[in-house]
Amino acid sequence: MRDVEASQPYARSLDPVADASDYGREKAQFESIDLRGWAGERDAIARGVAILEKAVAAQAAGKAATDPEVIPLTAWRFMNQAFGEFWREKNANVKGWRLFQIAFILSQVPAIVSRIECWKSSPAITAQDDREASLLYFSTGGGKSESFFGLLVFCLAFDRLRGKQHGVTALVRYPLRLLTSQQAQRLSQVLAAAYKVRWSWQRQGLDLKGAGFDIGFWVGGGNTPNNRNVQGFSEIPTLTNDWDEVSLRRGDYSIYWKKWVRLASCPFCSGTITGADGKKTSTIGLRRFREGPPPEERLAHCCFNRECAWNGRHGATVQPHPLPIHIMDSDIYAYAPAVLLGTVDKLALIGQSARTLIRVLGMFGFAAWQHRDSGRLVSPWLRDQFQRGPDASGCEGVFPFYGDGKKLFFDPYPVLEIQDEAHLLDESLGTFSGLFETTFLHALRTLSPLLADQVIKEGGVARPPRIVAASATVSDPARQIDQIYQRQVVLFPQPGPDLYESFYARLREPDSGDPVRDASNNSEHRTPTRRRYVSLMTNGRTHTAATVAILSAFHLTITQVMKGLIDGDDAERWAIREALADALPPDIFRDGHRATLLDRNVDHSDIAYAVDLDRIALLYVTNKKGGDNVKAALQDVIRRDHKLAGIEDIPGVRTALITGAIDAGLINAIVTEAGQKPTAGSPFRPEALRDSLRGVIATSAISHGVDVDEFNMMFFAGQPADIAEYIQASSRVGRTHVGTSILIPTPQQRRDRYIVEIHDIFHRFLERMIDAAPVERWAENAITRTLASFLQLKLCGVDYITEMSRASTNIQKASLAEPDNVGEIGERSRTDHINLLDELCQFVVDGIGLEHDTSPLNKDFYRQRINQLFHEATTAMEQSNWKTENLDSFFRQPGAPLTRPMTSLRDVNEAGSIEGGLGSGSDRIRMSDLGRVMSALMRGNNSWTAGETGE
């Protein structure tokens, strides 16, 4: 067995509510660095500081906080105060920014504030800002999320101050749905803090006018409902004058509450209520209610705590007020929330139904109507709706859909786009993400002239969003970012010259109190331990049997130690502590740990609390089959080993399964329970070992975004094939407390055996072995696969909105409605085939960036291929006799000239289907049994259910 430690980086904190002048003292340090990439980084930070200093001077000269010259400083102070509130509410150990976080935000300020006219000519602004994408590259658990969330809050305040009172400010994208679910809670807490600061400013007379800081949880029908017609929506209770949430959590509502709730706790009060089982549970419930033109209904998260700050702010004494998060697609389109939080797969919506496409574009400034009473955006579809006009539905027309309509949107395009875990955008996902990304932005750019002076432009072209990607494991980012965004990448921060130190972080100074350890020549010994890596080679057993034996031995050890500390008398407790002290390995840490274990001033409950931090064994399996094999054998072995040790009252351990096939709601419930722990110093319940969650078996679904302080013991059933995956997965432990990662290599794998042989050096230089993300934007099949989506985007999005904006009467608009009618598209193609074909081809060529500096040399090949496929498609439409046929049915016809539009970015090939047969006669299968089998096939099996605790 060999081990090596990964040390906790040291990071300095700055005052979170200080103004720009407090950061001026850092300027001299930035200016003294002029080495390679550091020069550009220093200049970017210095430009951010210069903008804030100029804003300070403008305010000192008597200009108001809302004056354009002072707005950057006002937004800066808002951001700092919001995070000061966030850290206080969270009781975080860190009470201020880490140096790299505040430096990163400063470096982004110039690109954001250049949207204000008076700042465009500032020496701090460069034309390069719009052609760059920043890659925030820092270690796992180092604070990347707070960095880009800080920038996001700055942008929210900045938008409200400059007059953008409605619409999307930021897109926050994640590659995986589990990542999105995890970040929804964290982002909601940040924005709750921002709300509280906004309320405080309003009381002081400074009002950030406009809509709230709502979140649109934009993930998809498998995790949240698309509209009110989905199964389960009618099971959600209606909003009434009733604060009793607990009594309703039964039956079908309980099922859909678990599936759809996206907040583990209220971000404004973190309140709890007592459930029917006597346990504390969240105050969050789901409610539906009528809103907008009939038959629209809204699905809302509500907090059922009468004392909640959110309810109090809105005078909600009769019934709770809906929280600022939207999970149903129809609600998201209706509210155009300030932050769209979702997966990259939602980009594929531009190629789905034309009606959905129009509603998506409506969020970005092209909604047709707004409902007067509710404020919901309405994108009508049917011709008779347009013929009756907006007044008939209680709505008013919105500019530019109506030339004389309400100018609701100012600069409606997003200011900021955040892509977290960017290293996961590889292979086909990265390719399709890039093609859809640039083409959708091109569509917005094409539509921007309709917005006239309501959109911010640079050189006559609408400003694109500032792109910030983030990752802890990346190699060759320049190529990846170019392939996805067709932008130059700016890495932040630049790597330091030393393995253990950069400009922003260094190892902590010795502070253990152990003179031998503090004086060690090994810097890893002197600094606090964050995570320990162990390799444990086994022989003579199959890999599954060895994994099960190790897990069972671990659980037995935890049971014996905890039972002795909980149930034993004082003598037995001291015997347990002495046994732990005698079992310590003879390394440099032994004396310090032994002294603590044998210290009479350290209470037994403190030792039990420390052991309980390792109670949950997190097992990583490289595939779902391996997880199923371990799960099937584990409980019997645990039961046997406990009985052999004389422990009869532990019949097994509760173990959960997390895979990509498990519902997001169930995964959230598992993660939430895993995060629950007794308060330090409080007595442990004897039944806790039997009832509490003690094991999680997970595939790569656990590798990103799962931040649980109680995950501190991790086992790897074999070495993951990808080094980046190994880094990300192992970083699930040791987030706050000391974590241990144990590799159980597969003996038959030569690579696994070799890693054990070079354990120390392998783990010390993990980041040097990360493979570059394989992304090929110009794969011919990928471009071909996207053409149907882009055709629909052009015809039913860009062309439709353009023509609608030109139509001056309700009758004219009605004639243009339902733009996916194949017969009418064919008629247009017959009368103007050449121009339509050229427009389609040029739209795609510009959208995918075929003329970009790094595009392929054989451009003519791609042009000819695109032209050929569009020619075949438009010719087929010209010949179509189905006047009522729409594009969806057209693309689904056998032999269609274009493959149907993608339903997600993972929708690469035609999907297969599994159908269940009921049989007949005596062999007939019960429908309920068939349903359970099909559910298991679709969603996987999970042992974390009632009755499956090993009993």
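A crossing of two helices is called right-handed if the near helix is turned clockwise from the far one by less than a right angle, and left-handed if anticlockwise. Helices (H or I, at least four residues) and strands (E, at least two) are DSSP runs, numbered from the N terminus. The structure is a predicted model, in which local features need pLDDT of at least 70 and side-chain atom pairs count only at pLDDT 80 or more, while totals for chains, interfaces and linings use all residues. Residues are numbered from 1 along each chain as its sequence is written, and side-chain values use heavy atoms, with hydrogens and water left out.

**Helix packing**

Axes are lines fitted to C-alpha atoms, for helices over the stretch in contact, and their angles run from 0 to 180 degrees between N-to-C directions. Angles under 35 degrees count as roughly parallel, over 145 as roughly antiparallel, 65 to 115 as roughly perpendicular and the rest as oblique.

| Helix pair | Axis separation | Angle |
|---|---|---|
| H13 (residues 427–447) and H27 | within 11 Å | roughly 20 degrees |
| H27 (residues 780–806) and H30 (residues 833–848) | within 10 Å | roughly 115 degrees |
| H18 (residues 570–582) and H19 (residues 590–597) | 9 Å | about 180 degrees |

Helix H27 takes part in a crossing with H13 and in another with H30. H13 and H27 are roughly parallel to each other, and H13 passes H27 in a right-handed crossing. Contact here means heavy atoms within 4.5 Å. On the H13 side, the residues that meet H27 include Phe 432, Leu 435, Phe 436 and Phe 440, and their counterparts in H27 include Ile 783, Phe 790, Leu 793 and Val 798.

H27 and H30, by contrast, are roughly perpendicular to each other, and H27 passes H30 in a right-handed crossing. Among the H27 residues that make this contact are Ile 783, Leu 787, Phe 790, Leu 793 and Val 798, and H30 contributes residues including Leu 836, Leu 840, Phe 843 and Ile 848.

The angle of about 180 degrees between H18 and H19 makes H18 roughly antiparallel to H19. Their contact is made by Trp 574, Arg 577, Leu 580, Ala 581 and Asp 582 of H18 and by Arg 594, Thr 596 and Leu 597 of H19.

**Aromatic pairs and charges over rings**

Rings of Phe, Tyr and Trp (its six-membered ring) pair if their centres lie within 6.5 Å; planes under 30 degrees apart count as stacked, over 60 as edge-to-face and the rest as tilted. The model holds 37 aromatic pairs by this rule. One of them joins Tyr 195 and Trp 310, whose ring centres are 5.2 Å apart and whose planes stand at 80 degrees, so the pair is edge-to-face. Because Tyr 195 lies in helix H7 (residues 177–203) and Trp 310 in helix H9 (residues 309–313), the pair ties together parts that are 115 residues apart in sequence. Buried means under 20% relative accessible area, exposed over 50%, and partly exposed in between (1.4 Å probe, protein chains only). Tyr 195 is buried at 5%, and Trp 310 is buried at 4%. The rings of Phe 890 and Phe 891 are also edge-to-face, with centres 5.6 Å apart and planes at 65 degrees; both residues are buried.

Tyr 195 and Trp 310 belong to one aromatic cluster with Phe 78, Trp 199, Trp 201, Phe 213 and Phe 268.

A charge sits over a ring if NZ of Lys or CZ of Arg is within 6 Å of the ring centre and within 35 degrees of the ring normal. Arg 777 lies over the face of Trp 778 at 5.7 Å from the ring centre, and Lys 813 lies over that of Tyr 402 at 4.5 Å.

**Backbone features and a loop residue**

The peptide bond from Pro 294 to Pro 295 is cis, with omega near 5 degrees. Pro 295 is placed in the loop between strand E10 (284–290) and strand E11 (297–303). Another cis bond joins Phe 492 and Pro 493, with omega about -5 degrees.

Glu 427, which is not a glycine, has a positive phi of about 50 degrees; this residue lies in helix H13 and is exposed, at 52%. Asp 476 has a phi near 55 degrees and is partly exposed, at 41%.

Glu 767 is located in the loop between helix H26 (759–764) and H27 and is partly exposed, at 43%. Leaving aside neighbours within four places in sequence, Glu 767 is in contact with Tyr 137, Ala 472 and Ile 727.
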